[in-house]
Amino acid sequence: MIPRIHRRGRRTLGLLHYLYGPGTHEEHTDPHLVASFDGNAPDPGRDPSATLRQLQRLLDQPLENLDPGDRPDRHVWHLSVRNAAEDRVLTDETWADIARRMVAAAGIDPGGGEPACRWAAVRHAADHIHIVATLVREDGRKPRLHRDAARVQVAARQLETDLGLRQLHAGDGTAAKRPTSAERHKAGRHGRDRTAREELRAAVRRAAAGATGEEEFFDRLAAAGLIIRKRAAPSGDLLGYTVALPDDRNRNREPVLFSGSKLAPDLSLPRLRARWNPTSPSSRTGNATPGGRMASSRAAARRRSATAAWEALLIIEHADAPVAAAYVAATGEILDALAATSAPRTRRDLHEAAAAFERASRSHIRAEHAHARALRQAARDLAYGGHALSRGEDGATTAMVIDTLYFLAIAAAHWHARHQHAQQAAAARAAAGHLRTAYRTAARAPLEAMRRRGRQLPISDQQAFAVTVRQAVPDLAEPILAEPGWLALAATLAEAQAAGHDPTVLLRDAARHRELDTADSLSEVLAWRLRRAAGLPAATTVPLTSSRDRPQADEPSADRSDAKRRTP
């Protein structure tokens with residue numbers, strides 16, 4: 001349930017005309033009253049003899065008892081209360097009870113014999129109501145509305161529990177502004193899945209991902225095809241910016257512009273400058289030359305991103321709050337950059353992961369961005385590494401970085417939960433769900449190649465690596481050896497050993513992180529961690545060294561069905 005207090009108004013009649021009218025885009029159906037301050041207010045929607053003027057005069061009558069100079073300039077209080085899309089349709093009687101509890105929580109009509117304001121609740125759609133009130137009590141005094149927005153949110157959480165509705169999370173004022181109903185209807189008319197505000201927010205976040213200064217940021221916005229307007233002071237110093245989609249116009253055929261702060265709090269120019277140069281927001285950082293941008297290959301950029309994400313994962317759990325907040329914010333950048341450069345097979349899921357994590361990327365904790373430069377550099381490498389292929393080393397390193405980012409999102413969810421950031425924690429968990437789906441798609445081919453390599457290992461090698469697993473991770477050994485991914489891990493251990501590493505030490509280090517228990521497949525996660533730590537190719541390329549390494553025709557294959565028979 002989403003209550004929203006709108007900007008106070010001056011004309012009760014004007015608001016009533018809107019609520020009882022057809023709506024901006026003919027979206028209002030059967031407008032009628034569901035509740036009022038005395039239960040007897042005229043209802044122009046259901047009573048043919050009632051008029052909007054009668055209802056307005058009734059609500060505004062307490063104003064007439066005041067001298068003109070004592071009347072509030074903006075006396076119209078307006079609250080909308082909307083259900084979640086998946087909630088059931090509520091009856092008028094239930095909405096009436098919701099309205100009474102909302103005005104009591106806000107202080108409009110507190111009950112208990114206290115003087116109250118006059119109010120009315122109008123329903124013109126299945127999923128929401130509007131409450132209109134006059135901000136003068138019957139005794140001529142103003143209502144006590146301190147923190148009314150916070151109080152109606154608390155009431156909404158209780159109503160969700162009482163009515164069995166979807167449980168939403170309390171906000172902290174750092175969420176991006178939701179699209180208005182007019183913006184949603186406009187998007188529908190133009191056949192867009194998202195509103196202009198949402199498309200611009202995603203485009204600006206992609207442009208900001210890994211950027212090092214204003215010039216590069218605005219170049220990226222221009223390359224994305226956005227209309228850009230910069231706002232400067234008389235001195236010439238840049239104060240802010242607005243952006244618009246090329247085909248989003250108002251009735252005068254002018255572009256509909258949104259400032260960065262209207263898209264999301266962390267997309268304002270001052271907040272972006274804090275990322276680019278934490279010690280001197282007004283300066284521009286270097287390392288943005290075109291030659292430097294293309295210095296890394298796609299696969300190398302993904303490998304470095306996996307390493308940076310792993311390091312961030314270890315830091316978030318133990319760092320001070322401002323440092324951890326910086327890493328969480330930079331995680332949003334790396335997700336934006338990965339989604340923008342992903343192969344078609346994983347693109348949708350990665351875009352959804354980035355969109356979900358957007359809410360998790362900021363809170364009231366002030367981030368010390370200087371600490372997360374490595375993670376932001378990884379986002380930059382991804383942005384300039386180009387679009388990845390879905391096969392070979394590109395595809396395998398994509399699976400590797402997604403696997404690491406999944407655990408990073410889970411760590412961010414835990415961090416937010418510890419700081420009572422309910423909305424952000426839920427957003428990070430949602431992002432992790434999309435990353436899990438993207439991982440399954442990206443990892444299918446490289447894991448099958450690893451499993452094939454594992455089947456080709458001599459039985460004696462498989463048994464030896466099973467002993468390694470039991471020595472390195474005794475508590476996890478049996479589940480690992482029973483998984484289909486065990487063969488991929490065995491192949492990885494063989495490659496690590498061939499490269500001169502100690503498989504036992506590598507495996508023990510890889511299994512230390514506590515988030516391992518959230519993995520779908522322990523062996524797969526360990527295989528990716530070993531490949532990253534040992535610097536092995538993400539896509540297995542180690543050939544069989546001789547014909548005797550190949551299983552004989554009468555030798556049973558090393559598949560899951562007889563894995564236990566072959567391991568001591």
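Predicted model: local features only at pLDDT ≥ 70, side-chain atom pairs only at ≥ 80, totals over all residues.
Elsewhere, salt bridges that share partners join Arg205, Asp266, Arg275, Glu333, Asp336, Glu358, Arg362 and Arg376 into one network, and the count for the model comes to 37 salt bridges.

Two further pairs deserve a look. In helix H4, residues 148-163, Arg157 and Glu160 are three residues apart and so are separated by about one helical turn; their closest N and O atoms are 2.8 Å apart in a salt bridge. Arg157 is buried, with a relative accessible area of 16%, and Glu160 is buried at 0%. The other pair is Arg273 with Glu214, whose side chains meet in a salt bridge at 2.5 Å, N to O. This one links distant parts of the chain, since Arg273 sits in helix H9, residues 269-276, and Glu214 in helix H7, residues 214-223, 59 residues apart. Arg273 counts as buried at 16% relative accessibility, as does Glu214 at 4%.

Turning to the sheets, five strands form an open, antiparallel sheet in the order S1-S3-S5-S4-S2. Its edge strands are S1, residues 2-5, and S2, residues 32-36, each pairing on one side only, and the twist averages 20° from one strand to the next. Within this sheet, S3 (residues 76-82) and S5 (residues 128-137) pair over seven antiparallel bridges, and Val76 has Thr134 in S5 as its bridge partner.

What do the buried residues of helix H2 pack against? They pack against helix H1, S2, S4 and S5, and the buried residues are Leu52, Leu55, Gln56, Leu59, Asp60, Pro62 and Leu63. H2 also has a kink of about 40° at Leu58, shortly before the proline Pro62.

The other sheet I want to show is open and antiparallel, with three strands in the order S6-S7-S8. Strands S6 (227-232) and S8 (258-259) each have a single partner strand, so one side of each is left without a neighbour in the sheet. Helix H6, residues 196-208, packs on this sheet, touching S7 and S8, and its direction makes about 125° with that of S7. Strand S7, residues 238-244, is joined to S8 by two antiparallel bridges, and Val243 stands opposite Phe258 in S8.

How values were computed:
Residues numbered from 1 in each chain as written. Heavy atoms only, no water. Pairing = 2+ DSSP bridges. Helix = DSSP H or I, 4+ residues; strand = E, 2+ residues; numbered from the N terminus. Contact = heavy atoms within 4.5 Å. Axes fitted to C-alpha atoms, helices over the stretch in contact; angles between N-to-C directions. Bend = angle between axes of the 7 residues up to and from the residue. Buried < 20%, exposed > 50% of the residue type's maximum accessible area, 1.4 Å probe, protein only. Salt bridge = Lys/Arg side-chain N within 4 Å of Asp/Glu carboxyl O.
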